[in-house]
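These are my notebook entries on a single protein chain. I set down what I looked up and what I found.

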Amino acid sequence: MSARSRDHAVPRLEDFPYRLSDNVRFADLDPNNHVNNAVYASYFETGRVTLMKHPSHGLIPAGLSWVLVRLDIHFRSELHWPGTIELGIGLVKLGRTSTHFDQVVFSDGVCVASARAVTVLVDAQSRKPTPLTDQLIANLAPWWLHGVEHA
């Protein structure tokens with residue numbers, strides 16, 4: 001499957017190795033009574049941060065941190081309050097200093113939004129990009145999106 005066709009394909013939640021639930025909050029709504037588009041960035045942030053900062057995953061080496069450099073969101077359907085959502089995240093590409101994750105928001109079995117997030121590993125003091133280490137690459141291995149080929 002090409003990158004372009006994958007972007008237009010409807011994601012399946014079960015393909016995302018890291019998943020968690022969250023609530024739609026009343027404060028998430030805009031005057032149209034659906035979740036405001038800006039709120040989705042917070043939903044996606046919750047998924048990334050929860051995965052990356054969990055101490056048992058070993059994804060933040062000492063003296064380093066991750067910086068979000070790109071977030072492309074595909075809004076697929078309206079989302080309303082009240083409700084719960086399922087968030088999914090899966091690794092789709094590694095760069096020399098970066099990770100590329102696909103992310104989704106599901107509600108009642110429907111994908112309401114998907115995104116591609118690119119993060120760069122930086123030195124915490126210099127704020128300069130830092131190459132991914134072999135250990136970090138190994139720690140990221142369980143989080144590959146199902147069906148994505150990788151080396």
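Entry 1. I recalled the general rule: an α-helix has 3.6 residues a turn, so residues three or four places apart point the same way. I note here that the model is a predicted one.

Entry 2. I looked up helix α2 itself, which runs over residues 39–53 and has 15 residues. From its first C-alpha to its last it reaches 21 Å, close to the 21 Å expected at 1.5 Å a residue.

Which residues of α2 are buried? I listed Val39, Tyr40, Tyr43, Phe44, Gly47, Arg48, Leu51 and Met52. I next looked for what these buried residues pack against, and found β1 (18–24), β2 (64–75), β3 (83–94), β4 (98–107) and β5 (110–123).

**Entry 3. The chain as a whole.** I stepped back to the overall plan. The secondary structure comes to three helices and five strands. Along the sequence I read the pattern α-β-α-β-β-β-β-α. The radius of gyration is 16 Å, close to the 15 Å that the globule rule gives for 151 residues, so the chain is as compact as a globular protein of that length. Along its principal axes, the C-alpha trace spans about 45 × 35 × 25 Å.

I also looked up burial and contacts. Of the 151 residues, 42% count as buried. Among contacts between residues at least 6 apart in sequence, 69% join residues at least 24 apart. The chain exposes about 8400 Å², of which carbon and sulfur atoms supply 53%.

**Entry 4. Aromatic pairs.** How many aromatic pairs does a search of the whole structure find? The search finds four. One of them joins Phe26 and Trp81: the ring centres are 5.2 Å apart and the planes stand at 75 degrees, so the pair is edge-to-face. This pair links distant parts of the chain, since Phe26 is in the loop between β1 and α2, while Trp81 is in the loop between β2 and β3, 55 residues apart.

I returned to the tyrosines of my opening entry. The rings of Tyr40 and Tyr43 have their centres 5.7 Å apart and their planes at 80 degrees, so this pair is edge-to-face. Ring pairs link Tyr40, Tyr43 and Phe75 into a cluster.

I compared these values with the accessibility of the loop residues. Phe26 has a relative accessible area of 55%, so Phe26 is exposed. Trp81 has a relative accessibility of 42% and therefore counts as partly exposed.

**Entry 5. Around Trp81.** I checked the peptide bond from Trp81 to Pro82 and found that it is cis, with omega near -5 degrees. Pro82 lies in the loop between β2 and β3.

I went on to Gly83, which is placed in strand β3. Its relative accessible area is 27%, so Gly83 is partly exposed. Gly83 and Phe26 are 57 residues apart in sequence, and their C-alpha atoms are 9.6 Å apart in space. Leaving aside neighbours within four places in sequence, Gly83 is in contact with Asn23 and Val24.

**Entry 6. Backbone angles in two loops.** Asn33 has a phi of about 65 degrees, and its place is in the loop between β1 and α2. Asp108 has a positive phi of about 50 degrees and lies in the loop between β4 and β5. With a relative accessible area of 76%, Asp108 is exposed.

Entry 7. What does the side chain of Thr130 reach at 3.3 Å? I found the backbone oxygen of Lys128 at that distance. Not counting residues up to four places away in sequence, Thr130 touches Leu64, Arg96, Thr97, Leu121, Val122 and Asp123.

Terms used:
Residues numbered from 1 in each chain as written. Predicted model: local features only at pLDDT ≥ 70, side-chain atom pairs only at ≥ 80, totals over all residues. Heavy atoms only, no water. Helix = DSSP H or I, 4+ residues; strand = E, 2+ residues; numbered from the N terminus. Expected span 1.5 Å × (residues − 1). Buried < 20%, exposed > 50% of the residue type's maximum accessible area, 1.4 Å probe, protein only. Contact = heavy atoms within 4.5 Å. Polar contact = N/O pair within 3.5 Å; in protein donor to acceptor, adjacent residues only side chain to side chain. Phe/Tyr/Trp six-rings, centres within 6.5 Å; stacked < 30°, edge-to-face > 60°. Rg over C-alpha atoms; globule rule 2.2 N^0.38 Å. Areas by Shrake-Rupley, 256 points an atom, 1.4 Å probe, with all protein chains shown as cover.
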